Amino acid sequence: MAIEIAPLPIPPSADASLLKDFGREVKGVHPGALTPEQFKEIHDLLYKHGALLFRNVDLTPEQQYALTKAFDPTSESYGHGNKKTEGEKKSILHPDLKTIPRVPQVQLIGNGVVYDHEGLAEAKLKHPSHTTFHKTRVSPEDEEKGYTRFYRWHIDAALYDLSPPKVTTLYGVTVPKGKHQRVRYDDGTGDELEVPLGTTAFVDGKTMFDILPPELKSLAVRTRVKYAPHPYVWMASAHALPTGLGITSEGLEMPYSELPPWEESKIKVLPMLWKNPVTGGLHFQVHPCGVAELLVDPLPEGAKREDALYPDGAHLTDLKEVRDLLYKMQRPAIAPNLVYPHDWEEKDLVLFHNRGVLHTVVGAFKPDQVRAFHQCNLAASDDPKGPTEEDVKKWA
């Protein structure tokens with residue numbers, strides 16, 4: 001049977017014209033038993049569309065790991081390392097992950113207590129919520145009315161020592177049903193977005209770049225991003241903005257001297273724009289919560305200097321300045337009409353191009369609402385490629 005594809009069900013809140021190339025549902029093949037020819041087709045579809053959905057799939061952890069690994073055959077360990085946070089309980093990720101014992105690259109995530117699951121006698125899962133991470137929160141009264149927030153817009157990546165995974169796979173084992181929730185941005189814009197309970201929300205990094213004005217495109221194509229060492233430990237005591245798009249600057253980050261041992265050579269300095277290996281497009285791929293510094297190259301010879309930002313280059317180390325600039329560049333792309341909130345069904349498998357999209361957990365569950373997902377991503381065999389010299393000349 002030939003592979004068939006169909007557009008994802010775009011919600012009424014989204015601008016269908018701007019999301020026309022984002023995401024496809026794949027039919028006619030089992031993602032755990034692809035021939036080499038079928039995998040090549042799936043591989044290219046993922047890079048072209050950012051996310052692929054397979055519905056009603058029976059998938060073992062072994063099959064999920066093999067599928068994820070096929071996108072980067074020499075990758076091996078889970079994206080944050082097979083010891084996750086290296087036993088560091090101070091990491092903000094620590095409560096969210098439980099490892100499938102026989103396939104340590106696959107994590108069990110979700111909410112509530114799960115029994116006798118893939119070798120785990122009992123797993124207490126915690127759905128991360130904005131109530132524990134944001135500086136402010138939706139009031140309990142408004143939560144009861146169904147209001148919520150995005151948790152943390154991010155890329156799946158350790159952002160220290162290990163290279164960002166190329167692909168993440170998410171498989172819905174147990175999906176609780178309930179009323180839709182309403183995401184409030186709470187940033188003065190009045191923006192809101194209706195979402196399914198427990199959705200995973202996605203935005204396209206290519207669109208994030210494409211909608212920037214010329215002076216910010218020029219800046220993006222010339223900029224590298226330096227992350228903090230052990231960023232999830234570094235940020236654990238800090239608070240996020242109400243949109244989930246970065247951290248408020250209150251000086252609450254852990255001093256570098258108090259972090260677990262780290263080496264300068266293992267700190268990640270990555271391009272602000274990551275080049276799609278299939279389409280050649282540029283994707284704005286920055287995890288805003290973990291960023292410490294920005295390094296801007298000067299304009300290339302012959303480029304127009306009028307209205308250019310940092311035409312002679314810059315090294316930005318003031319954390320508030322760095323964060324404010326990133327927010328200005330990234331916030332337009334999480335507008336309600338650009339967000340795809342996936343409406344999960346049990347046995348849904350979603351693959352997404354982790355080097356091409358940003359995503360976030362959304363909403364909150366009650367303690368007795370059980371949600372169980374398998375997640376797999378693998379620390380990549382190389383770092384993402386940035387803009388070429390031709391790209392810089394074109395956009396700078």
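Okay, let's start with a tyrosine: Tyr310 sits in the loop between E16 and E17. Keep in mind as we go that this is a predicted model. Tyr310 has a phi near 50°, a positive value, and it isn't a glycine. Most residues other than glycine have a negative phi. And is Tyr310 buried, partly exposed or exposed? At 26% relative accessibility, Tyr310 counts as partly exposed.

There's another residue like that. Lys347 isn't a glycine either, and its phi is positive, at about 70°. You'll find Lys347 in the loop between E18 and E19. With a relative accessible area of 31%, Lys347 is partly exposed.

Over at the E13 end, strand E12, residues 223–227, runs antiparallel to E13, and 3 bridges join the two. If you want a pair to click on, Val225 has Leu270 in E13 as its bridge partner.

An open sheet of 3 strands has the order E7-E9-E10, and here the pairing is mixed. The edge strands are E7, residues 147–148, and E10, residues 192–195, and each of them pairs on one side only. E7 and E9, the latter being residues 181–184, run parallel and are joined by 2 bridges.

Next, strand E8, residues 167–174. How many of its 8 residues are buried? The number is 6, so E8 is mostly covered. E8 pairs with two strands that I'll show you. One is E19, residues 349–353, which runs antiparallel to E8 and is joined to it by 5 bridges; there, Thr169 stands opposite Leu351. The other is E21, residues 371–377, also antiparallel to E8, over 6 bridges. In E21, His374 is the bridge partner of Tyr171.

Okay, rings. The count for this model comes to 10 aromatic pairs. One of them is Phe22 with Tyr340, a tilted pair with 6.0 Å centre to centre and 55° between the planes. What does that pair tie together? Phe22 lies in the loop between E1, residues 4–7, and E2, residues 24–27, while Tyr340 is in strand E18, residues 340–342, so the pair links parts that are 318 residues apart in sequence. Both Phe22 and Tyr340 are buried. For a contrast in geometry, take Tyr256 and Trp262: their ring centres are 5.6 Å apart and the planes are at 80°, so that pair is edge-to-face. Tyr256 is partly exposed at 30% relative accessibility, and Trp262 is partly exposed too, at 29%.

Phe22 and Tyr340 also belong to one aromatic cluster, together with Phe202 and Phe352.

That brings me to His342, which is in strand E18. His342 is buried, with a relative accessible area of 2%. The side chains of His342 and Tyr340 are joined by a polar contact of 2.8 Å. Leaving aside neighbours within four places in sequence, the contacts of His342 include Leu53, Arg55, Phe202, Asp348 and Val350.

Arg152 lies over the face of Phe133, 5.1 Å from the ring centre. Lys217 lies over the face of Phe209, at 5.7 Å from the ring centre.

That's my tour; happy to go back to any of these spots.

Technical notes
Residues numbered from 1 in each chain as written. Heavy atoms only, no water. Pairing = 2+ DSSP bridges. Helix = DSSP H or I, 4+ residues; strand = E, 2+ residues; numbered from the N terminus. Phe/Tyr/Trp six-rings, centres within 6.5 Å; stacked < 30°, edge-to-face > 60°. Buried < 20%, exposed > 50% of the residue type's maximum accessible area, 1.4 Å probe, protein only. Lys NZ or Arg CZ within 6 Å of the ring centre and 35° of its normal. Polar contact = N/O pair within 3.5 Å; in protein donor to acceptor, adjacent residues only side chain to side chain. Contact = heavy atoms within 4.5 Å.
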